[in-house]
Amino acid sequence: MTTAPERTGPTPLAPGAPRSGTTFLGLPTAPRGVGHLRGDRPFPDAARDALRDGQLRANLGHATTTIRGKRARVVGEVPDWEQLRQAGKALKTTTMARLDEHLVELERQVTARGGTVHWARDAEEANAIVTRLVQATGTDEVVKVKSMATQEIGLNEALEAAGITAHETDLAELIVQLGDDAPSHILVPAIHKNRAEIREIFLRTMPQFQGPGADRDLPDEPRRLAMAARTHLRERFLRAKVAISGANFAVAETGTLAVVESEGNGRMCLTLPQTLITVMGIEKLVPTWRDLEVFLQLLPRSSTGERMNPYTSMWTGVTPGDGPQEFHLVLLDNGRTAVLADEVGREALHCIRCSACLNVCPVYERTGGHSYGSVYPGPIGAVLSPQLTGVEDNASLPYASSLCGACYEVCPVAIDIPSILVHLRGEHVEAQERTTPEAVAFKALSTAMSHPRLWRLTQRAAGLGRFLAGGRPTMPPVLPPPASKWTRSRDLPAPPRETFTQAWAREHGGRS
């Protein structure tokens with residue numbers, strides 16, 4: 001087990017902070033300069049560019065509509081779906097309350113079954129551990145199962161810097177990798193690409209289509225594209241000595257890891273290589289096998305709109321003569337205990353990465369995943385990424401939402417994303433050292449609303465806006481600053497001819 005440096009004196013643990021021997025993961029946020037949790041630009045700037053891309057919006061609209069429909073059909077078949085949601089929520093809540101104990105038990109069980117557990121405070125430590133483990137095998141390439149955690153920490157880049165090539169084997173991840181692109185969806189990373197674009201990427205990058213004698217007859221039919229990817233990957237599966245995976249779940253009582261997927265590439269990675277390295281966020285734990293039963297009903301219906309995942313692979317330690325003969329589990333913090341310390345925000349750690357919230361979010365459907373600047377896009381990314389990095393490093397993300405509540409309605413573990421968004425917005429406001437124009441405006445509004453006479457005068461003054469509206473139901477889209485920051489992206493209703501209090505006084509008598 002990889003442990004942290006010895007401490008000279010006792011360090012109090014924060015509530016829920018994992019520990020193991022001399023390992024103290026503490027409460028650090030994800031480090032800067034490594035991984036994919038921070039974007040180069042604020043969300044509003046990136047979103048404006050995405051909104052100008054008509055093809056992107058068409059791709060996203062078609063894909064999210066299809067996935068929403070599939071999910072709705074299979075969820076509608078389950079009479080006790082709401083009870084399942086609440087069971088999942090309760091299991092996650094109780095697990096987070098005793099996360100330190102469950103992690104230590106997981107380590108004990110994995111070790112007893114021939115595996116090795118490594119603890120990583122952050123992305124830099126996790127990348128160093130995995131790189132060292134791969135180098136110890138003498139190989140210069142690895143195959144990978146789709147893993148959000150390894151994308152989060154920028155593992156591919158770290159391996160490349162050490163001269164190691166990482167081959168993504170999930171079809172969508174392969175498309176993104178070959179296209180020198182970035183994922184834009186949790187479940188369907190290449191959701192922003194259509195079939196014609198995927199065909200062009202394959203013809204340009206896959207070895208079987210290169211050279212003067214190569215057959216470049218590749219139609220953009222999904223089946224033929226999948227066959228081309230299969231040919232490309234098969235050789236890499238058969239020669240790989242090392243595989244790197246994520247984990248959807250880990251069962252503390254047995255040390256069992258689980259990966260669910262739809263293509264069979266995960267099964268190939270988890271069985272063929274001699275060495276298997278799993279990088280897992282510490283929140284992916286469930287205490288018992290019975291707990292797993294609940295989530296294996298919730299996840300496939302919410303993610304792919306299927307009753308069951310085509311491939312559910314589970315492994316426990318090492319079995320002589322069967323599968324990988326060396327297994328390493330890297331438990332990743334990278335800001336998770338910082339999230340756990342927030343009584344409101346910690347609910348984001350309940351996420352099982354189904355992506356249902358992305359598929360119903362009107363903001364995501366129009367801007368796509370790249371606008372969020374994080375490997376975790378959409379509503380869950382808007383609450384998880386700022387907490388992992390510190391809110392001020394991702395200050396625009398909590399505002400990347402209309403607060404319509406659709407994300408909460410479809411979340412299989414009932415995460416109250418809208419409430420967390422409001423909570424994080426409050427943290428951002430409280431962190432401001434300088435008075436902002438918004439703060440001045442709300443201070444003035446607060447003063448006016450605190451004095452009845454002043455409030456009535458304000459209402460009468462606001463009525464003058466009807467002249468600017470010119471009889472239209474909304475104010476002009478371009479108003480002078482600072483009002484222009486609102487009206488250029490939102491409709492500002494024209495003031496009514498009569499306020500509620502005036503209407504009440506007229507109908508019931510009394511002063512307005």
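**Exercise 1. Classify Tyr 372 as buried or exposed, then place its ring among the aromatic pairs.**

Step 1. Tyr 372 has a relative accessible area of 2%, so Tyr 372 is buried. This model is predicted.

Step 2. Searching the whole structure gives five aromatic pairs. In one of them, the ring centres of Phe 43 and Tyr 372 are 4.9 Å apart. Their planes meet at 50°. Stacked needs under 30 degrees and edge-to-face over 60, so this pair is tilted.

Step 3. Phe 43 belongs to helix H1 (residues 43-51). Tyr 372 sits in the loop between helix H15 (362-367) and H16. The pair therefore ties together parts 329 residues apart in sequence.

Step 4. Phe 43 has 8% relative accessibility and counts as buried. Phe 43, Tyr 364 and Tyr 372 make up one aromatic cluster.

**Exercise 2. Locate Ser 385 and list its contacts beyond four places in sequence.**

Step 1. Ser 385 is in helix H16 (residues 378-389).

Step 2. Its relative accessible area is 0%, so Ser 385 is buried.

Step 3. With neighbours within four places left aside, Ser 385 contacts Leu 37, Ser 374, Tyr 376, Asn 394 and Leu 397.

**Exercise 3. Find which residues touch the most other members of the largest nonpolar core.**

Step 1. This core holds 104 residues. Leu 106, Phe 202, Met 280, Leu 329, Leu 331 and Ile 380 touch the most other members.

Step 2. Take Phe 202. Beyond four places in sequence, Phe 202 touches residues including Leu 171, Ile 175, Phe 209 and Ala 229.

Step 3. A second, separate core has 20 residues, among them Ile 129 and Val 242.

**Exercise 4. Describe the nonpolar surface patch that contains Phe 442.**

Step 1. The patch consists of Phe 442, Leu 445 and Met 449. Together they have about 320 Å² of accessible area.

Step 2. Phe 442 lies in helix H19 (residues 437-449). At a relative accessible area of 53%, Phe 442 is exposed, because the cut-off is over 50%.

Terms used. Residues are numbered from 1 along each chain as its sequence is written. This is a predicted model: local features need pLDDT of at least 70, side-chain atom pairs count only at pLDDT 80 or more; totals for chains, interfaces and linings use all residues. Side-chain values use heavy atoms; hydrogens and water are left out. Helices (H or I, at least four residues) and strands (E, at least two) are DSSP runs, numbered from the N terminus. Buried means under 20% relative accessible area, exposed over 50%, partly exposed in between (1.4 Å probe, protein chains only). Contact means heavy atoms within 4.5 Å. A nonpolar core is a set of buried Ala, Val, Leu, Ile, Met, Phe, Trp, Tyr and Cys residues joined through side-chain atoms within 4.5 Å. Patches are made of residues with over 30% relative accessible area and no salt bridge: like charges are joined within 9 Å, nonpolar side chains (Val, Leu, Ile, Met, Phe, Trp, Tyr) within 5 Å. Accessible areas come from the Shrake-Rupley method with a 1.4 Å probe; for residues, only the protein chains shown count as cover. A salt bridge is a side-chain nitrogen of Lys or Arg within 4 Å of a carboxyl oxygen of Asp or Glu. Rings of Phe, Tyr and Trp (its six-membered ring) pair if their centres lie within 6.5 Å; planes under 30 degrees apart count as stacked, over 60 as edge-to-face and the rest as tilted.
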